[in-house]
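The following account is intended to be read alongside the sequence and the three-dimensional view. Please keep both at hand while reading.

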Amino acid sequence: MQTLDSKLKTSFQLIPRQIHFIKDKQPLYGNNKYNKYQPINTPVTKPQETKSNSSNSASTNEPLKDIPEGSIPPFVPLRWNKPSRIGSGLDNLGNTCFMNSALQCLTYTPPLANLMLEKTHQGRCKKSGYCTFCELEILINHALSRPSPSIRPLKIAQNLKCIAPHLRIGRQEDSHEFIRYVIEHLQTSEARSKTEVYQTAVFHIFGGFLQSVVTCSRCKYESKTVDPILDLSLEIQNCSSVDKALQKFFSVETLDVKNKYKCDSCKQSVQAAKQFAIYRASNVLSIQLKRFGILGNKINHAVHIPPQLDIGKYMSVKNGARH
């Protein structure tokens, strides 16, 4: 049976200045774009951690604990609903290039743009004062539906402190940090409670789950945890490409000497092997390249980014995923 995750596989490509649209042979999710996903797997349960004779346990097909339970998130098409010409540019309001670059990335993320073009949030927003979701919905609709040469994103710039208290207009800030805060605001605007953020359309677009497996070298007991993620932060020191950085991130780390692991099974402080794996891939994978070393020095070498990333080999459930 085809799984939900396999249906959600999508390719990510950087959009060139001139966009060539190719008509799909068939609709990605049927003819009715308002169809809802139907659950095709049994609900995720919380299995007990077990001993294993295999050190390759990151490839287990068992569901993990801590995956939030709840309804399937709202349906959001992962590809453009319709062809569109290139939208508006953004005026620099004084050291706002960090903000503009992030807003342009969000504007041209197909599933998020599809969600914003539906214009469903403003009509039901109950927030008094500034709302990041409302302003981004206005901006994306202006940029894509009635594009002009450029837009002044003044309302967002004036309310940077509402997005994150330490952000200041007129000061260069970090684009990755800004985009993370914006996505988190979008999530909380959709969710009625903290437990619902994982069932929002925004988390459905950007969110995934990262699995950590720690294996005791003495008794082979495996401790497995899984955490929600909105992106991957990759070390690029001595890495010439994103592929190399991914290999480094998902390689086995040995916990020993000062960093010994206290095993929950044998109750001993022992050497252990720790490894990350992607338990559920994001539909839109956001990657941060760490350009600064541990001493604060900037890492200036070029990092090759291929047009397509195959992250299937880093999945804990080996059903493959491409971005």
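The paragraphs below treat a helix, a set of paired strands and the salt bridges in turn. The model discussed here is predicted.

The side chain of Asn 141 reaches the backbone oxygen of Met 116 at a distance of 2.8 Å. Beyond its neighbours within four places in sequence, Asn 141 is in contact with Met 116, Leu 117, Lys 119 and Arg 146.

The strands come next. Strand E9 (residues 272–280) runs antiparallel to strand E3 (residues 208–216), and eight bridges join the two. E9 also pairs in the antiparallel sense with strand E6 (residues 253–255), here over three bridges. Ala 272 in E9 takes part in both pairings: it stands opposite Cys 216, and it is the bridge partner of Leu 255.

The salt bridges complete the picture; the structure holds six. Within helix H7 (residues 175–190), Glu 184 and Arg 180 lie four residues apart, about one turn of the helix. These two residues form a salt bridge in which the closest N and O atoms are 3.0 Å apart. Glu 184 is partly exposed, with a relative accessible area of 31%, and Arg 180 likewise counts as partly exposed at 24%.

Arg 180 also forms a salt bridge with Asp 231, with the closest N and O atoms 3.3 Å apart. This pair links distant parts of the chain, since Asp 231 belongs to the loop between strands E4 (222–229) and E5 (232–235), 51 residues away from Arg 180 in helix H7. At 9% relative accessibility, Asp 231 counts as buried. Through shared partners, the salt bridges join Arg 180, Glu 184 and Asp 231 into one network.

A further salt bridge connects Lys 224 with Glu 222, whose closest N and O atoms are 3.7 Å apart. Lys 224 and Glu 222 are both buried.

Key: Residues numbered from 1 in each chain as written. Predicted model: local features only at pLDDT ≥ 70, side-chain atom pairs only at ≥ 80, totals over all residues. Heavy atoms only, no water. Polar contact = N/O pair within 3.5 Å; in protein donor to acceptor, adjacent residues only side chain to side chain. Contact = heavy atoms within 4.5 Å. Pairing = 2+ DSSP bridges. Salt bridge = Lys/Arg side-chain N within 4 Å of Asp/Glu carboxyl O. Buried < 20%, exposed > 50% of the residue type's maximum accessible area, 1.4 Å probe, protein only.
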